[in-house]
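Please look through the model shown here.

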Amino acid sequence: MVLAALYGSSLSRANTEESSLDTLTKTTIPYKDQERKCSSFPPPLKDIRFTMATYITLTQLLGFAGIFFVATIWWAFILWPITGFGITGGAHRLWAHRSYKASFAYRFVVMLVNSCANQGTIFHWARDHRTHHFHSETVADPHDAIRGFWFAHMGWLYLKKDPR
Ligand SMILES: [Zn+2]
């Protein structure tokens, strides 16, 4: 009661605030009905995440160079299922969906193999994936497939996120 008196409460709002709030909530367009950003190619320079784009491009070029080294190919085949589990069993099932509980030791190991997969932080992965499920194929989906094959697979990492 004292706090409400000091800082105001929902009851102390002026009429104009309430009516503007009502207007805002009633006119909010659902994500599925909102217009998408233009998926022009090449994208406008202001939309490109240059540091991330450079990093991803360089790692892909280095990966391509690796196919000329037999030891690198073997190493890639060994790491493939291990890092794959880091993503699917760790970032996806354990952290994004909380499908199961795990001990600290297990989470530590899965965190390490997920890091080897070069998918960014677990926090960002889980946040983006949960947003994807909540707003699948709408403007709020970080990798909205309606914006095209290239955007859904890699373009979303090269471009700034839609603020919605
Ligand atoms: Zn999922």
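Where does Asn118 lie? Asn118 sits in the loop between helix 5 and helix 6. The model is predicted.

**Loop residues**

Asn118 has a positive phi of about 60°, although it is not a glycine. Asn118 counts as partly exposed because it has 13 C-beta neighbours inside 10 Å.

Arg98 also belongs to a loop, the one between helix 4 and helix 5. Its phi is positive, about 50°, and Arg98 is not a glycine either. Arg98 comes after helix 4. With 10 C-beta neighbours inside 10 Å, Arg98 counts as exposed. As background, most residues other than glycine have a negative phi.

Gln34 is placed in the loop between helix 2 (15–27) and helix 3 (50–66). Gln34 has 13 C-beta neighbours inside 10 Å and so counts as partly exposed. Beyond four places in sequence, Gln34 touches Ile29, Val139 and Arg164.

Ser136 lies in the loop between helix 6 and helix 7 (149–158). Ser136 is partly exposed, with 14 C-beta neighbours inside 10 Å.

| Pair | Separation along the chain | C-alpha to C-alpha distance |
|---|---|---|
| Gln34 and Ala140 | 106 residues | 9.3 Å |
| Gly90 and Ala126 | 36 residues | 9.8 Å |
| Ser136 and Ile146 | 10 residues | 9.9 Å |

**Helix 4**

Now take helix 4 (residues 70–96), where Gly90 is found. Is Gly90 buried or exposed? Gly90 is buried, because 27 other C-beta atoms lie within 10 Å; the cut-off for burial is 20 or more. Apart from neighbours within four places in sequence, Gly90 is in contact with Trp95, Val110, Met111, Val113 and Asn114.

An α-helix has 3.6 residues a turn, so residues three or four places apart point the same way.

A kink of about 35° lies at Trp80, shortly before the proline Pro81.

**Packing of helix 4 on helix 5**

At what angle do helix 4 and helix 5 pack? The angle is about 115°, and the axes are 7 Å apart. The crossing is left-handed.

On the helix 4 side they include Leu79, Ile82, Phe85, Gly86, Gly90 and Leu94. On the helix 5 side, the residues met are Val110, Met111, Val113, Asn114 and Cys116.

**Annotated spans**

Which residues does the UniProt annotation "transmembrane region" cover? The record, an unreviewed entry, gives residues 61–83 and 104–126. In the model, residues 61–83 are 87% helix and 0% strand. The end C-alpha atoms of residues 61–83 are 19 Å apart. Residues 104–126 are 78% helix and 0% strand, and their end C-alpha atoms lie 18 Å apart.

**Whole chain**

The protein has 7 helices and 0 strands. From the N terminus on, the elements run α-α-α-α-α-α-α. Buried residues make up 8% of the 164 residues. Of the contacts between residues at least 6 apart in sequence, 62% join residues at least 24 apart.

**Confidence**

The mean pLDDT of the protein is 84. A pLDDT of 70 or more is reached by 82% of the residues.

Which element has the lowest mean pLDDT, and which the highest? Helix 1 (residues 2–7) is the lowest, with a mean of 43. Helix 5 (residues 104–116) is the highest, with a mean of 97.

Over residues 1–15, pLDDT stays under 50. For residues 1–15 the model has 2 contacts beyond four places in sequence. Where pLDDT is low, the predicted coordinates should not be read in detail.

Terms used:
Residues are numbered from 1 along each chain as its sequence is written. This is a predicted model: local features need pLDDT of at least 70, side-chain atom pairs count only at pLDDT 80 or more; totals for chains, interfaces and linings use all residues. Helices (H or I, at least four residues) and strands (E, at least two) are DSSP runs, numbered from the N terminus. A residue is buried if 20 or more other C-beta atoms lie within 10 Å of its own, exposed if 12 or fewer, and partly exposed in between; C-beta atoms are placed from the backbone. Two residues are in contact if their C-beta atoms, placed from the backbone, lie within 7 Å. pLDDT is the predictor's confidence in each residue, from 0 to 100. UniProt positions are given in the numbering used here, feature names are shortened, and annotations may be inferred rather than shown by experiment. The bend at a residue is the angle between axes fitted to the seven residues ending there and the seven starting there. Axes are lines fitted to C-alpha atoms, for helices over the stretch in contact, and angles run from 0 to 180 degrees between N-to-C directions. A crossing is left-handed if the near helix is turned anticlockwise from the far one by less than a right angle, and right-handed if clockwise.
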